[in-house]
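Work through the exercises below with the sequence and the model open. Try each task before reading its solution.

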Amino acid sequence: MPELVTTTAGPAEAPEARLAAIVRANDIRGRVPEQFDTALARRLGGAFAAFFREDDPGTTELIVGRDMRLSGAQLAEAFCAGARSAGLDVVDLGLASTDMLYFASGCFGAPGVVFTASHNPADDNGIKACRAGARPLSGDRGLARVRELALAAPPKLLPSEGGHRRVDLLDAFADHVRSFVAAARLAPLRVVADVANGMGALVVPAVFAGLPPALELLYEELDGSFPNHPPDPLQGANLADLRERVREVGTDVGLAFDGDADRVFFVDETARPLSGSVVAALLATAVLRRRPGALILYNAACSRVVPEAVAEAGGRSLRTRVGHSLIKQQMAETGAAFAGEHSGHYYFAENHNSDSGVLAAVALLEEVSRAGVPLSELRRPYDRYAASGEVNFTVDDPAAVTEALAQRYRRHRQDRLDGLTVDCGDWWFNLRPSNTEPLLRLNLEAATPADCDRYLASLRAKIQSCS
C-alpha cells in the first residue's frame with residue numbers, strides 16, 4: 001500500500017476542518033487520506049493520551065487494535081507513535097474486532113481504541129474508543145475534548161517515551177464469549193456465517209471451535225477492499241448471498257456480521273431475515289429468564305414488540321436514544337441487564353455493558369437449542385408488526401425537514417427523545433439525523449404490510465416535498 005501523506009493543498013485540508021468533519025457523536029470516521037491520514041493519526045494519538053491522563057491521572061497504558069482495512073496498519077502505527085510520545089505505554093492487539101477491544105479494556109482496566117470504520121466503504125477509516133473498563137467515550141463525554149487537544153500544541157514530552165508490547169487475546173476472548181452459554185445444551189445446528197471479509201473471519205471461527213454447531217463461513221478472507229459485498233448487513237441487498245446459501249444447504253441459522261463484527265443479523269432456515277427488534281425481543285426474553293424482573297433498554301427506532309415482550313417476560317423496559325456510547329452509559333447508570341438496537345447491536349451487562357456480534361449469535365443459538373424448534377417457529381410470536389426497515393433520505397437541511405414533518409403531524413402524539421417520533425395509533429414512525437452520515441433515517445411500523453407500504457409511500461412523498 002502506498003504511503004499515506006498529509007495533503008496541504010488548501011484550507012479545507014487543515015487539521016481544524018478535517019477534525020471537525022471526522023470527529024462525530026460516537027466515534028471518528030473519515031476518508032483516507034483526504035480527511036484522515038498518518039499525520040492526523042499521530043496527532044490524535046497524542047490527544048487521546050493527554051485526554052485519558054486528564055480523565056484518570058493514574059493511566060499508564062493505552063490499548064490499540066485495528067480491523068482489516070487497508071489503511072489500518074499505517075494509521076495505527078502513527079497513532080501509537082503519538083501516544084508513546086505523550087508517555088503512555090501501548091498494548092498492541094494487532095488485528096482485533098471492536099468487541100475484542102472492549103474485552104481487552106475490561107481485562108486490563110485500561111482505555112483503548114480500535115481503528116475501524118465499521119460498515120463504511122473501503123476508503124474510510126476511523127476510531128472507536130473507550131475508557132478503562134470499556135466505559136463509553138462519546139462527543140459530549142470526551143470526544144469533543146480529544147478534538148480540542150488534537151488542535152492544541154503537541155503534548156509536553158515526558159522524560160522517556162512510552163513502551164510497546166504485543167498481546168494476543170483471541171483465545172481469551174473466545175473463552176469469554178463461550179462462557180455466556182452452556183455448551184452442553186447447544187444443539188448440533190448447521191450454521192452459515194457471512195463475515196463479509198471483515199473481522200468476523202477472525203473471531204467467529206475462534207468462538208465456534210469446540211461448540212456443537214457446525215459452522216460454514218462465507219467470504220472468510222480478511223480483505224479491507226470488501227471484494228464481495230459491502231460489510232453492512234442492515235442493507236437487505238448484502239444478505240442475498242447468505243440467504244441463497246441457507247436455501248442451498250438447508251442451514252438452520254444464517255449469521256451476517258458487519259465489518260468490525262460488533263453487529264450481527266440473523267436469517268432463519270427459510271432464508272427469511274429477522275429484524276433487529278425481533279432479535280432484541282428474543283434475547284431480552286432469554287436474559288429475563290436468568291435475571292427475573294431486570295431492566296432492559298431499547299432504542300427509539302425499535303419495534304413496539306420489544307417493550308411488549310419484556311413486559312410479558314416480567315421485566316421492565318426503558319426507551320433510549322440511538323448510539324452505542326449513549327446506551328452503554330445508560331446501562332451503567334441504571335443497572336440494565338441487556339440492551340438492543342434495531343441496527344443489530346446487542347449489549348450485555350456481564351460483557352462490560354458492551355455490544356458483541358458473536359456473543360449475540362451464540363446466545364440466540366442457545367435459545368433455538370433450548371426451544372427445540374426451528375428459528376422460523378421461535379420467531380413467530382414476535383413477528384407482530386410490519387416494519388419499513390431503515391429508509392435513508394439525503395436532504396439539504398435535515399432539521400428543517402424534521403420540523404416540517406412535525407407540523408404536518410402536530411395532531412398526533414410526538415416526542416423528541418431522538419429525532420422526531422410520531423405515534424399515530426395503529427402506526428408510528430421515527431425520523432432522526434444519522435450520527436455517522438449526512439442522512440435522515442426513517443423507521444416506520446404498522447399493523448400489516450399493506451398499511452406499512454401505504455404509510456411509507458405517503459411519508460416519503462411528504463419528506464421529498466419538504467426537501
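Two strands pair if DSSP finds at least two bridges between them. Helices (H or I, at least four residues) and strands (E, at least two) are DSSP runs, numbered from the N terminus. The model is predicted: local features need pLDDT of at least 70, side-chain atom pairs count only at pLDDT 80 or more, and totals for chains, interfaces and linings use all residues. Residues are numbered from 1 along each chain as its sequence is written, and side-chain values use heavy atoms, with hydrogens and water left out.

**Exercise 1. The sheet**

Task: find the order of the 5 strands in the open sheet, and its pairing.

Solution. Step 1: trace the order, which is β12-β11-β13-β14-β15 with mixed pairing. β12 (316-320) and β15 (354-355) each pair on one side only. Step 3: look at β13 and β14. They run antiparallel and are joined by 3 bridges. Step 4: find the residue facing Phe-338; Phe-348 in β14 stands opposite.

**Exercise 2. The rings**

Task: state how the rings of Phe-338 and Phe-348 are arranged.

Solution. Step 1: apply the rule. Rings of Phe, Tyr and Trp (its six-membered ring) pair if their centres lie within 6.5 Å; planes under 30 degrees apart count as stacked, over 60 as edge-to-face and the rest as tilted. Step 2: count. Step 3: classify. The Phe-338 and Phe-348 rings are edge-to-face, with 5.2 Å between centres and 65° between planes. Phe-338 is in strand β13 (residues 338-340) and Phe-348 is in strand β14 (residues 346-348), 10 residues apart. Step 5: check burial (buried is under 20% relative accessible area, exposed over 50%, partly exposed in between; 1.4 Å probe, protein chains only). Phe-338 is buried at 0%. Phe-348 is buried at 4%.

A further group to locate is one aromatic cluster of Phe-36, Phe-48, Phe-51, Phe-52, Phe-79 and Phe-115.

**Exercise 3. Helix α11**

Task: list the buried residues of helix α11 and say what covers them.

Solution. Step 1: take residues 324-334; His-324, Ser-325, Ile-327, Lys-328, Gln-329 and Met-331 are buried. Step 2: search for contacts (heavy atoms within 4.5 Å). The cover includes α4 (98-108), β11 (295-299), β12, β13, β14 and β15. Step 3: read on past the helix. Just after α11, Gly-335 has a positive phi of about 75°.

**Exercise 4. Thr-421**

Task: is Thr-421 buried or exposed, and which residues does Thr-421 contact?

Solution. Step 1: locate Thr-421 in strand β19 (residues 420-423). Step 2: read the accessibility, 8%, so Thr-421 is buried. Step 3: set aside neighbours within four places in sequence. Contacts are then Ala-300, Arg-319, Arg-413, Gln-414, Asp-415, Trp-428, Phe-429 and Asn-430. Step 4: look for a polar contact (a pair of N or O atoms within 3.5 Å; within protein, one must be able to donate a hydrogen and the other to accept it, and residues adjacent in sequence count only if both atoms are side-chain atoms). The side chains of Thr-421 and Arg-319 make one at 3.0 Å.

**Exercise 5. The whole protein**

Task: how many helices and strands are there, and what are the spans of the C-alpha trace?

Solution. Step 1: count 15 helices and 21 strands. Step 2: take the spans along the principal axes, about 65 × 55 × 40 Å. Step 3: work out the buried share, 56% of the 467 residues.
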